[in-house]
Amino acid sequence: MDKTLTISYHEYDSAAGLPVADRELLEQAVAATATAYSPYSHFSVGAALRLTDGTVVCGSNQENAAYPSGLCAERTAIFAASAQHPDVRDYAALAVAGRAADGTLCEASPCGACRQVLAEYEGRQGHPMRVICLLQGGRVRVFASVADLLPFGFVF
């Protein structure tokens, strides 16, 4: 039996088209790129996670010479939120931004491991978590759910 998978997302020409809360979250993700430790890849990633109570927790990629012992920005943010706010465990949106070695902003999207972690957190909370990704040229892509990024994640 053949089946079709459709993934929905919205793309904006710039962050200016985003709702204010999403634009501010993306700005925090961009700011978080400054805290990345990326001496090997020279690719800094920042993530900003907004909890449903309005709290924002940021993370950045942290590399290590003993690859793959580092951690991506998205997992840094969600694990920090889970540890620092154990009673909330309810996430509204995650914004992700990248910065190249020359300082220019560039496209960033969660890797496969991050997608699986995000999918598990989304499943635990029982409602979608939006994902906002900065693209080349300042465009922005918004997914209504992590499930749109990882439609066939591991069952949990």
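This tour moves through the structure stop by stop, naming what to select and what is there.

The model is predicted: local features need pLDDT of at least 70, side-chain atom pairs count only at pLDDT 80 or more, and totals for chains, interfaces and linings use all residues. Residues are numbered from 1 along each chain as its sequence is written, and side-chain values use heavy atoms, with hydrogens and water left out.

**Stop 1: the hairpin**

Select residues 44-51, strand E2, and residues 56-60, strand E3. Helices (H or I, at least four residues) and strands (E, at least two) are DSSP runs, numbered from the N terminus. E2 and E3 pair in the antiparallel sense over five bridges. Two strands pair if DSSP finds at least two bridges between them. Now pick glycine 46; serine 60 in E3 stands opposite. Four residues lie between the strands of this hairpin, and glycine 54 takes a positive phi near 95° there.

**Stop 2: threonine 33**

Go to the loop between helix H1 (20-32) and E2, and select threonine 33. Is threonine 33 buried or exposed? Its relative accessibility is 3%, so threonine 33 counts as buried. Buried means under 20% relative accessible area, exposed over 50%, and partly exposed in between (1.4 Å probe, protein chains only). The side chain of threonine 33 reaches the backbone oxygen of valine 30 at 2.6 Å. Next, show the neighbours of threonine 33: Ser44, Val45, Gly46, Ala97, Gly98 and Arg99, leaving aside residues up to four places away in sequence. Contact here means heavy atoms within 4.5 Å.

**Stop 3: salt bridges**

How many salt bridges does a search of the whole structure find? There are four. The criterion is a side-chain nitrogen of Lys or Arg within 4 Å of a carboxyl oxygen of Asp or Glu.

Select glutamate 11 and arginine 139; their closest N and O atoms are 3.3 Å apart in a salt bridge. Glutamate 11 lies in strand E1 and arginine 139 in the loop between strand E6 (130-134) and strand E7 (140-143), so the pair ties together parts that are 128 residues apart in sequence. Glutamate 11 is partly exposed, with a relative accessible area of 34%. Arginine 139 is also partly exposed, at 29%.

Move to arginine 50 and aspartate 22, whose side chains meet in a salt bridge (3.2 Å, N to O). Arginine 50 is in strand E2 and aspartate 22 in helix H1, 28 residues apart. Both residues are buried.

**Stop 4: backbone details**

Select tyrosine 67 and proline 68, joined by a cis peptide bond with omega about 10°. Proline 68 is in the loop between E3 and helix H2 (73-84).

Which phi does histidine 42 take? Its phi is near 60°, a positive value in a residue other than glycine. Histidine 42 sits in the loop between H1 and E2, and counts as partly exposed at 45% relative accessibility.

Finish with arginine 89, in the loop between H2 and strand E4 (91-99). Arginine 89 is not a glycine, yet has a positive phi of about 45°. Its relative accessibility is 35%, so arginine 89 counts as partly exposed.

Technical notes
Polar contact = N/O pair within 3.5 Å; in protein donor to acceptor, adjacent residues only side chain to side chain.
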